[in-house]
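Dear colleague,

I am passing on the structure we spoke about, with the sequence alongside. Could you look it over together with the notes below?

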Amino acid sequence: MKFKAFLTESGVGLLERRFLPALDKMGKVCHLLLTRDHAIFLHNLLNGDGVQSIAQFCKEALFDDYRISSQNEDKIAFVIDVSLLHRAVRSSVSICSEFGGGGAPTDRLQIKLVKKLSPNCTQPMPFLTFETKGYKSAVIQDVPISKPLSRAQLLELQAALNMAQDLPQTLVQVPNLNQLQNFVDRMKHVGDLLNVSISKYGDLHLQISTTLITLGAEFRKMLVIGDKAQEPLEDQNLSAQTRSQRAILRGDALSVQVSVRHFSKSLQCHLAKPDCTFYGIAPQGVCLTVIFQFFIPGTRQTDKSISLHCRLPVLDP
């Protein structure tokens, strides 16, 4: 199997300043799946005990002169340490800045899969290698990776990815992640379990309860994508908790319980600088889904070359 490409200047910016800092918050290691057309970072897809995150890039969003081949339909996947990858990209950027001449960035930052003998090892080990060519120097950085996944493991990962692409029937847009983050930061000191309900009316209701205290927040009448409904007039002056309960009984809302820690971790994706954020609950309350939307710079059009979403496991009440 072979993989070799050049990271573009915009691709370096996307990874180094936005996505790798966000993905590092999701977990120390992740799968990196490379296909003919995409590079996909996958957290926790093969186990159900953490926040699943999927960051997908069209190859043109990150790379130039992209070449890949393998016996598994030109797919290669391996486990990589996100912080080591981030450090390698960041240091490559600083080398390019310090030693770069008049050449284009794509001439200076090559990324490829290699096997090398490490000290005290008798078998060659796989690495993702960055080669940075400056004006008078070339620096090679090796990021250790796992042995590439076998065909059976790749099929398992692809099946998990396909399942994770299912969208909730109702999505509501949360306009201000900072406001949500401030609320969750206060909630951390109250308890560990968070009740989340989402209605077809565009309402997101959060509540945390203990034997001594109940703390809640509500975001109302937000933009709805998918299945939507009109809130009954008789509900509009009721308390948030009562309205939420009535909507659930009516079949106009779903409710799940998630870990406050997981919810807070998913909010760290704001480091990727999304333009919009949507929340939804999968059918039968399988998971809480958070979708981050990105616009083409200078427009309100969705950038379809980039996607990022999280799935939070639900707890059995």
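**The open sheet and its helices**

Four strands form an open sheet in the order β13-β12-β11-β15, with antiparallel pairing, where two strands pair if DSSP finds at least two bridges between them, and where strands (E, at least two residues) and helices (H or I, at least four residues) are DSSP runs numbered from the N terminus. The edges are taken by β13 (214–219) and β15 (253–259), each of which pairs on one side only, and the twist averages 15° from one strand to the next. Axes here are lines fitted to C-alpha atoms, for helices over the stretch in contact, and angles run from 0 to 180 degrees between N-to-C directions.

This is a predicted model, in which local features need pLDDT of at least 70 and side-chain atom pairs count only at pLDDT 80 or more, while totals for chains, interfaces and linings use all residues. Residues are numbered from 1 along each chain as its sequence is written, and side-chain values use heavy atoms, with hydrogens and water left out.

Within the sheet, strand β12 (residues 204–209) pairs with β13 in the antiparallel sense over 6 bridges, and Ser209 stands opposite Thr214 in β13. Helix α5 (residues 177–187) packs on the sheet, touching β11, β12 and β13 (contact means heavy atoms within 4.5 Å), and its direction makes about 170° with that of β13. Helix α7 (residues 260–267) lies across β11, β12 and β15, and runs at about 95° to β15.

**The cavities**

A search of the whole structure finds 2 cavities of 30 Å³ or more; a cavity is a set of points on a 1 Å grid over the protein atoms alone where a 1.4 Å probe fits but cannot get out, and lining residues have an atom within 4 Å of a point. Volume is the space filled by probe spheres set on the points, which are joined across faces, edges and corners.

The largest cavity holds about 100 Å³ of space, and of the 14 residues that line it, Leu15, Leu32, Phe41, Phe63 and Ile111 are the closest to its centre. That lining divides into 14 nonpolar, no polar and no charged residues, where Ala, Val, Leu, Ile, Met, Phe, Trp, Tyr, Cys and Pro count as nonpolar, Asp, Glu, Lys and Arg as charged, and the others, Gly among them, as polar.

Ser199, Asp203, Arg243, Ser244 and Ala247 lie nearest its centre, and β11 (193–199) and α6 (240–250) each supply at least two residues of the lining.

With best wishes

Terms used. 1 Å grid on protein atoms, 1.4 Å probe; cavity = no way out; pocket = protein on both sides within 12 Å on 5 of 7 lines; lining within 4 Å.
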